[in-house]
Amino acid sequence: MSHRLISRSPDLTRLRDEGYDLKIVDGHLVLGRVPYLDGAGQARHGTLASTLTLDGDRTARPDTHVAYFQGSEPCDRPGQPLASVINSACPGKELASGLRVDFMLSSKPPSGYGDYHAKMTTYVNLLMQHALALDPGATAQTFPVARNEGDGESPFAYVDTASSRAGVAAVASKVAGMRIAIVGVGGTGSYILDLVAKCPVGEIHLYDGAALRQHNVFRSPGAVGLDALEAAGNKAEHHARTYQQLHRGVRAHPYPVSTGNCPELATMDFVFVAIDDNDARGEIVQALRKHGVPFIDVGIGMQARRQDTGNETLAGSARTTLIDSDPARDHAARIPTRSHEVQNDYITNIQIAEINALNAALAVIRWKRFAGIYDDLERERHSVYDIDGNTITNEDHAPNNDAGNPA
């Protein structure tokens with residue numbers, strides 16, 4: 001209830017996003033870590049509380065200007081009680097179970113308070129201004145971790161305050177609840193996971209049957225400790241444990257996708273295919289097309305070259321191909337589905353984490369364009385980034401491309 005109430009109430013969302021220590025306790029709004037001065041002129045921290053007036057699952061206009069304070073008596077710099085703010089003492093008064101207060105506060109503007117942001121910040125400033133005289137760095141905006149409380153509405157372990165602060169929560173919600181699969185969590189796949197785990201999708205299923213090896217960690221996001229590396233556990237399980245700290249919907253499937261278990265992908269809303277086994281890729285692509293599941297396939301081609309001068313360099317490209325259920329836009333021929341017929345030094349586990357990260361970023365951007373989060377004016381289904389010229393070539397545009405963004 002707390003997370004839902006805060007996220008659906010603009011005044012409470014604003015308080016949280018501005019960094020106030022905010023929580024809901026049995027119908028009361030509670031703000032912690034509020035600076036004030038006690039009678040000895042010492043800077044202290046107290047807690048403000050207010051009853052909440054609700055309209056369904058969001059706040060309404062406050063029906064009272066009264067607030068409560070937990071702490072010693074608030075005073076000014078000379079040590080005099082704030083008589084203009086303190087209405088009365090009520091030491092140990094229990095507003096709700098586990099919520100006790102010591103003073104009733106009263107400061108009523110002529111037209112009352114329009115919302116709880118206005119009310120609570122007014123009381124914060126009335127108390128904090130005296131602490132600021134002693135400590136110019138005093139602040140109630142401490143930006144505590146905003147935990148999700150298991151109300152089932154958010155897949156995250158803690159609140160995504162970035163989207164609401166930027167005003168793009170409604171845009172980000174276009175992928176809310178989606179079931180995503182990532183087939184292969186090696187170099188590019190692990191970076192795809194890193195990006196998708198920060199989206200409000202419902203579930204993220206990781207498929208990989210390989211063990212976590214030393215060469216893997218040099219092209220994966222983050223850092224892997226020696227204990228985890230020496231344990232040589234499964235890659236999907238390792239990454240699931242890591243990212244479940246952020247996204248509660250990450251699920252590990254410690255086995256490769258094959259003809260026998262391809263139907264598991266039929267229940268997904270979107271799939272990322274990030275493997276370098278072209279024969280297995282062919283089976284997966286065929287199954288996804290059969291079940292009408294939209295997917296993005298990624299691939300990297302690298303070649304070691306020796307210049308005429310004797311200097312050795314790497315050349316190559318990163319491919320991103322989107323396939324959806326539109327029969328008029330079948331671009332599966334762009335995807336390699338047979339064993340390598342040309343040199344590709346990428347399969348030797350060459351360490352090019354930045355190309356893996358770029359390929360993943362392009363794939364996730366393409367998915368978000370497909371989902372309607374980003375503009376999709378080009379509406380291409382196939383793109384290739386070439387390292388040597390630092391260029392991206394878009395191909396397979398939609399017919400009548402000037403029709404605009406279909407999302």
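Start with β13 and strand β14 (residues 312–323): 12 bridges join them, and they run antiparallel. This is a predicted model.

**Stop 1: the β13–β14 hairpin**

Keep both strands selected. Five residues, as the hairpin is counted, need a look next: β13 and β14 form a hairpin with 5 residues between them. Pick glycine 310 in that turn; its phi is positive, at about 95°. Select methionine 302 and find its bridge partner in β14, glycine 316.

Show phenylalanine 272 and isoleucine 296 together: Phe272 stands opposite Ile296 in β13.

**Stop 2: the largest nonpolar core**

Which residues have the most contacts inside the largest nonpolar core? Select Ile192, Val196, Val201, Ile204, Leu206, Phe272 and Trp367. The core as a whole has 32 residues. Color its suppliers next: β9 (179–183), α6 (187–196), β10 (203–207), α9 (235–243), β12 (270–273), β13 (295–306) and α11 (353–371) each provide at least two residues. Among these, α11 gives the most, with 5 residues.

Center on valine 201. Leaving out residues up to four places away in sequence, Val201 touches Pro155, Val175, Gly177, Met178, Ile180, Val196, His247 and Trp367. Two of the names in that list, Val196 and Trp367, also belong to the group with the most contacts inside the core.

In soluble globular proteins, nonpolar side chains tend to be buried together.

**Stop 3: the six-stranded sheet**

Select the strands in the order β1-β2-β3-β6-β8-β7. They make an open sheet of 6 strands with antiparallel pairing. Look at the two edges: β1 (21–25) and β7 each have a single partner strand, so one side of each is left without a neighbour in the sheet. From one strand to the next, the twist averages 35°.

Zoom in on β8. Strand β6 (residues 66–70) and strand β8 (residues 99–106) run antiparallel, joined by 4 bridges. Strand β7 (residues 86–96) also runs antiparallel to β8, joined by 6 bridges.

Follow the chain from β7 into β8. These strands form a hairpin with 2 residues between them. In the turn, glycine 98 has a positive phi of about 85°.

**Stop 4: helices across the sheet**

Helix α3 lies across β2, β3 (43–51), β6 and β8, running at about 15° to β2.

Now pick alanine 131, which lies in α3. Is Ala131 buried or exposed? Ala131 is buried, with a relative accessible area of 1%. Show its surroundings: apart from residues up to four places away in sequence, Ala131 touches Pro35, Tyr36, Leu37 and Ala138. Then draw a distance from Ala131 to valine 34. Their C-alpha atoms are separated by 9.7 Å, though the residues are 97 apart along the chain.

**Stop 5: two cysteines**

Select cysteine 90. Its relative accessibility is 15%, and the cut-off for buried is under 20%, so Cys90 counts as buried. Move to cysteine 262, which is also buried, with a relative accessible area of 5%. How many disulfides are there? The count comes to 0.

**Last stop: the whole protein**

Clear the selection and zoom out. The protein has 11 helices and 16 strands. Of its 407 residues, 47% count as buried. Show the accessible surface: the total comes to about 19300 Å², and 48% of that belongs to carbon and sulfur atoms. Residues 24 or more positions apart account for 63% of them.

Notes
Residues are numbered from 1 along each chain as its sequence is written. This is a predicted model: local features need pLDDT of at least 70, side-chain atom pairs count only at pLDDT 80 or more; totals for chains, interfaces and linings use all residues. Side-chain values use heavy atoms; hydrogens and water are left out. Buried means under 20% relative accessible area, exposed over 50%, partly exposed in between (1.4 Å probe, protein chains only). Contact means heavy atoms within 4.5 Å. Accessible areas come from the Shrake-Rupley method with a 1.4 Å probe; for residues, only the protein chains shown count as cover. Two strands pair if DSSP finds at least two bridges between them. Axes are lines fitted to C-alpha atoms, for helices over the stretch in contact, and angles run from 0 to 180 degrees between N-to-C directions. A nonpolar core is a set of buried Ala, Val, Leu, Ile, Met, Phe, Trp, Tyr and Cys residues joined through side-chain atoms within 4.5 Å. A disulfide is a pair of cysteine sulfur atoms within 2.5 Å.
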